[in-house]
Amino acid sequence: MSDKVFLNGKVVEHPHEIHHHVSPVRHYQVVLGALFVLTGLTYAVSFASLGPASLPVAMLVATIKASLVVGYFMHLKYDDRYNLFVFLGTLIFIGIFFGFTLFDLESRDALNDDQRTFTRVEEDFNNTGVKPAVGISNDPQRLAEFEAKHGGEHGAGHGAEAGAGGEAGHGGAEH
Amino acid sequence: MSNAHSHAAHTTGEHNPHLAHHFDTMGQQAGAAKLGMWLFLATELLMFSGLFLAYFVIRGFYPDMVLGAHEYLSKTAGGINTCVLLFSSYTMAMAVRSAQVGRPNNQEDAARIKKYLILTLLCAGIFLVVKYFEYSAKFEHGMLPGKFYTAHLHGYDIEGLPHIFFGVYFFMTGLHGFHVVIGMAIMVWIYLRASRGEFSEQNYAAVENAGLYWHLVDLIWIFLFPLLYLVK
């Protein structure tokens with residue numbers, strides 16, 4: 001090898017050798033033992049009533065087990081750091097996926113109430129006679145259905161119907 | 001064998017027959033293969049994460065139903081399968097290790113790799129047999145996903161919408177079981193290659209990558225088991 005390989009400004013000795021790390025058998029045996037013990041622990045804990053703490057505890061134990069498998073059986077502890085980067089990068093993206101979805105589910109009901117998402121169109125039509133600006137009025141068929149459902153004309157007397165019609169109309173939108 | 005870094009031979013004169021022409025060294029070749037495997041495992045994790053998220057969403061929507069329905073899964077069967085899978089992960093790691101320290105063209109060392117592969121295959125088989133009994137019990141009791149759910153006709157009164165829980169249960173464990181089957185096929189392939197004496201300390205990337213796949217199957221089960229079978 002005539003060309004030198006540099007890392008952090010220093011020459012790397014023997015850059016192209018296989019740096020495989022061979023774990024002693026004992027390591028694998030100890031890890032297996034720890035995995036069995038932790039499995040027994042989760043199993044036992046599932047019979048104890050920990051209430052709301054049971055999910056975090058179970059997930060903590062599972063995470064420790066997973067770290068043992070990834071670190072020792074899958075060799076990430078000794079491996080090229082780039083593989084660890086790929087793995088942790090995946091976890092970050094899974095975190096984003098979970099975080100945004102669960103955040104949306106948490107806040108969705110409040111937002112729907114706040115913005116009258118499911119009630120706005122019918123309430124406005126019943127109160128003011130204003131046809132929906134987008135969506136329904138752009139589609140002749142849907143507009144016809146909407147008007148048929150609400151009697152087409154509007155005026156006095158609709159206020160009383162609004163409550164009943166509203167409830168029936170978006171009952172399906174709830175979980 | 002101690003915890004030492006062994007520097008497998010890369011001497012410029014001697015050519016490793018397993019080195020593909022587009023790589024400079026075996027180290028580079030093995031590193032590329034492993035990086036590719038990790039990228040594949042990343043996609044696997046992302047795929048399963050969608051199912052785990054579905055589980056958490058359903059659990060968030062219908063906590064009582066999930067807790068009610070999960071009581072019908074056999075904790076014992078799940079526990080046995082967890083131990084079987086953990087043990088198979090150990091034997092797979094030992095198969096990889098046997099290849100890492102195996103001398104080239106050595107019958108005895110090749111036999112050791114094969115022994116551990118057979119043990120791993122055996123565990124995978126036990127896992128599937130237990131799974132088969134679990135599934136047949138669920139089929140018998142009509143605890144099936146969606147429109148196939150008929151448990152109420154079999155005298156099981158689970159409150160709420162248990163057909164959704166069993167949808168998640170069958171989808172998650174089914175996809176996991178499918179991975180077990182694929183893993184077994186890969187192991188058979190690695191076994192055949194080991195029989196041809198392909199693997200030794202000079203060339204074991206394929207065994208290692210098969211191992212990584214198998215450990216991933218174990219990894220997913222480590223989370224599936226407490227979430228589906230145990231958690232209250």
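B:D109 is buried, with a relative accessible area of 6%, where buried denotes under 20% relative accessible area, exposed over 50% and partly exposed the range in between (1.4 Å probe, protein chains only). Its side chain meets that of B:R103 in a salt bridge with an N to O distance of 3.0 Å, a salt bridge being defined as a side-chain nitrogen of Lys or Arg within 4 Å of a carboxyl oxygen of Asp or Glu. The model is a predicted one, in which local features need pLDDT of at least 70 and side-chain atom pairs count only at pLDDT 80 or more, whereas totals for chains, interfaces and linings use all residues. Residues are numbered from 1 along each chain as its sequence is written, chains are lettered from A and ligands numbered from 1 in the order in which they are written, and side-chain values use heavy atoms, with hydrogens and water left out.

Over all chains, the salt-bridge rule gives a count of eight. Within chain A, A:R108 pairs with A:D104, the closest N and O atoms lying 2.7 Å apart. These two residues are four positions apart in helix 3 (residues 81–115) of chain A and are therefore separated by about one helical turn. A:R108 is partly exposed at 41% relative accessibility, and A:D104 is likewise partly exposed, with a relative accessible area of 31%. A further salt bridge of chain A joins A:R116 to A:E123, with 2.9 Å between the closest N and O atoms; A:R116 counts as partly exposed at 32%, as does A:E123 at 33%.

The fold of chain B comprises six helices and one strand, arranged from the N terminus in the order β-α-α-α-α-α-α; helices (H or I, at least four residues) and strands (E, at least two) are DSSP runs, numbered from the N terminus. Of the 232 residues of chain B, 52% count as buried. Among the contacts in chain B with a separation of 6 or more, 77% link residues 24 or more positions apart, contact meaning heavy atoms within 4.5 Å. The accessible surface of chain B amounts to about 10,100 Å², 65% of which belongs to carbon and sulfur atoms, as computed by the Shrake-Rupley method with a 1.4 Å probe, only the protein chains shown counting as cover for residues.

The contact between the two chains draws 57 residues from chain B and 51 residues from chain A. Together the chains bury about 5,200 Å², 74% of it on carbon and sulfur atoms, where buried area is the accessible area (1.4 Å probe) that two parts lose on being put together, summed over both. On the side of chain B, the residues that lose the most area to chain A are B:W38, B:L53 and B:Y90, which together account for 13% of what that side buries.

One salt bridge is found across this interface. A:D79 forms a salt bridge with B:K34, with the closest N and O atoms 3.0 Å apart. The elements giving two or more residues to the side of chain B that touches chain A are strand 1 (5–8), helix 1 (26–61), helix 3 (75–100) and helix 6 (205–230) of chain B, with the largest share, 18 residues, coming from helix 1.
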